[in-house]
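Morning, everyone. Let me put the structure up, and then we'll walk through a few places in the chain.

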Amino acid sequence: MKTAPRQLAGRHTARSTRPLGAILLALAVSSGFLGCDSPPDAPTVTVSDSAGTRIVTYASLDDEAFPVFDLDARVDTIGAVEGAEEYLFRLLFSAELVPQGIVTADLFNSELRLFDRNGRFVSSVGGRGEGPREFQMLTWMRGHGDSLFHAWDQWGNRLNTVRLTEAGLSHESSLQVSREPGYNPVGVFAPGRVALDNAHMVPIPTSAGLQRFELVVSVMDLDGDPSSKPLEVAAVESAPHYVSEDERLVPVPFQSIPSYFFADGMMWLKDGVNGEFRRVRMDGALELVVRLPPGRQVTDRDIAAFRERNLRNVSEEQMPAARRRLEEVPSPSFFPPIGSIQLDDADGIVWVTPYPSDDEPVPWYLFDSLGCPVGRVNLPGDGSVLDIAGRRIAVRDQDEMDVERVLIHHLAGLPSDRVGRGTSACRR
């Protein structure tokens with residue numbers, strides 16, 4: 001990331017009588033910093049304000065500002081190849097950590113399951129079917145607080161409310177949603193308010209021959225008329241695609257799609273196009289923008305690997321045309337700075353991991369509610385993070401038999417004080 005050239009030491013005016021050789025030497029030394037990613041005296045983080053929006057910009061994610069937090073040796077495992085049916089996951093897509101343990105959602109079984117903190121099965125709701133307490137196709141689940149859960153039946157077009165009690169999970173209500181197809185829940189904004197986005201998306205052509213898509217994030221009031229127009233919160237540009245001569249959409253390499261998390265009437269948005277994450281109020285007001293530096297430079301080897309992955313399932317007859325389309329797609333110079341984002345429901349800390357650019361595990365960087373640095377955590381393996389709450393991290397993983405399971409890691413500790421280079425300036 002280019003920065004401003006370093007200020008020359010000492011005074012220098014148009015009428016200076018310093019020898020020409022000394023001036024050229026000073027200019028040569030200063031020019032060595034032009035184009036560097038971070039000059040020695042460049043701040044790690046700067047803070048500005050624009051029309052009431054706090055903007056935090058990072059020149060780098062260095063080790064001093066983000067000290068490493070260790071994990072406990074203990075790892076809790078839920079899921080098994082053999083044994084009772086309730087411990088077998090087939091298409092696990094979501095999980096929510098709660099004080100009692102963890103609630104999981106499986107697409108194939110179409111049911112929610114509660115496990116205690118020792119990994120023992122407690123109860124379940126749902127199951128595949130068309131009854132009032134069943135799901136034809138469970139595709140989404142989110143919790144609000146420690147006891148309320150919403151689950152989306154995509155085929156039945158129903159939003160189900162599930163309550164967590166001392167006895168376990170209990171199905172509370174089911175709301176038939178009469179809304180045009182393409183809208184899907186993405187979060188719980190507040191009690192009785194569910195956030196949606198339009199999966200169909202609105203195409204936006206660009207001058208570069210790319211086509212972006214706009215996702216409209218809105219809020220539906222469950223206590224009002226379910227068929228009424230939802231409150232629109234934000235419009236977000238999704239990953240761009242390339243439109244080829246035969247009008248096919250061809251994927252652009254290394255795109256980070258948007259994702260959303262909600263807490264206390266706020267939306268945390270990962271903007272994969274612009275490489276930043278934001279906090280938005282329910283009325284649509286933008287409160288915070290955190291901008292991260294780009295990832296590592298994209299190489300020819302990266303591009304070749306991307307093209308080969310997208311040609312694996314192409315027939316021999318279609319291979320020449322498909323290869324030509326992929327070769328025409330413009331490639332980015334750098335990997336996106338953000339791959340995934342998670343919100344710690346208990347501590348209000350935002351976890352961000354860079355876009356994976358090789359086979360090595362990538363660290364998670366932790367930011368507080370002001371967008372200031374907290375630390376970083378190195379998770380083992382390559383499983384996807386399902387949820388984070390307090391000092392627990394739920395990860396979807398596969399065993400040696402490729403059977404899905406949940407691994408729960410435990411943080412050894414979090415800092416009581418945010419200490420790091422540039423942190424005090426960030427918290428102003």
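Start with Ala51. This residue is exposed, with a relative accessible area of 84%. Keep in mind that this is a predicted model. Where does Ala51 sit? In the loop between strand S1, residues 45–50, and S2. Its backbone deserves a look too. Ala51 is not a glycine, yet its phi is positive, about 55°.

Now compare Ser110. Here too phi is positive, near 50°, in a residue other than glycine. Ser110 lies in the loop between strand S5 (101–106) and strand S6 (111–116). Is Ser110 buried or exposed? Ser110 counts as buried, because its relative accessibility is 0% and the cut-off for buried is under 20%. Ala51, by contrast, is exposed because its 84% is over the 50% cut-off.

One more loop residue: Asp62. Find Asp62 between strand S2 (53–58) and strand S3 (71–78). Asp62 is buried, at a relative accessible area of 15%. What does the side chain of Asp62 reach? The backbone nitrogen of Glu64, at 3.3 Å.

Next, the sheet. Six strands make an open sheet here, and the order runs S1-S2-S22-S21-S20-S19. The pairing is mixed. Which strands are at the edges? S1 and strand S19 (259–263), each pairing on one side only. On average, neighbouring strands of this sheet are turned by 15° against each other, with direction ignored. As a reminder, strands of a sheet pair through backbone hydrogen bonds, either parallel or antiparallel.

Let's zoom in on one pair. Strand S21, residues 276–281, and strand S22, residues 286–291, run antiparallel to each other over 5 bridges. Pick Phe277. Its bridge partner in S22 is Val290.

Last stop, the cysteines. How many disulfides does a search of the whole structure find? It finds 1. That disulfide joins Cys372 to Cys426, with an S to S distance of 2.2 Å. The link of Cys372 and Cys426 is left-handed, at -100° about the S-S bond. The pair links distant parts of the chain, 54 residues apart. Cys372 is in the loop between strand S25 (364–367) and strand S26 (373–377). Cys426 is in helix H4, residues 423–426.

And the burial at each end? Cys372 has a relative accessible area of 0%, so it is buried. Cys426 also counts as buried, at 0% relative accessibility.

That's the tour. Over to you for discussion.

Notes: Residues are numbered from 1 along each chain as its sequence is written. This is a predicted model: local features need pLDDT of at least 70, side-chain atom pairs count only at pLDDT 80 or more; totals for chains, interfaces and linings use all residues. Side-chain values use heavy atoms; hydrogens and water are left out. Helices (H or I, at least four residues) and strands (E, at least two) are DSSP runs, numbered from the N terminus. Buried means under 20% relative accessible area, exposed over 50%, partly exposed in between (1.4 Å probe, protein chains only). A polar contact is a pair of N or O atoms within 3.5 Å; within protein, one must be able to donate a hydrogen and the other to accept it, and residues adjacent in sequence count only if both atoms are side-chain atoms. Two strands pair if DSSP finds at least two bridges between them. Axes are lines fitted to C-alpha atoms, for helices over the stretch in contact, and angles run from 0 to 180 degrees between N-to-C directions. A disulfide is a pair of cysteine sulfur atoms within 2.5 Å.
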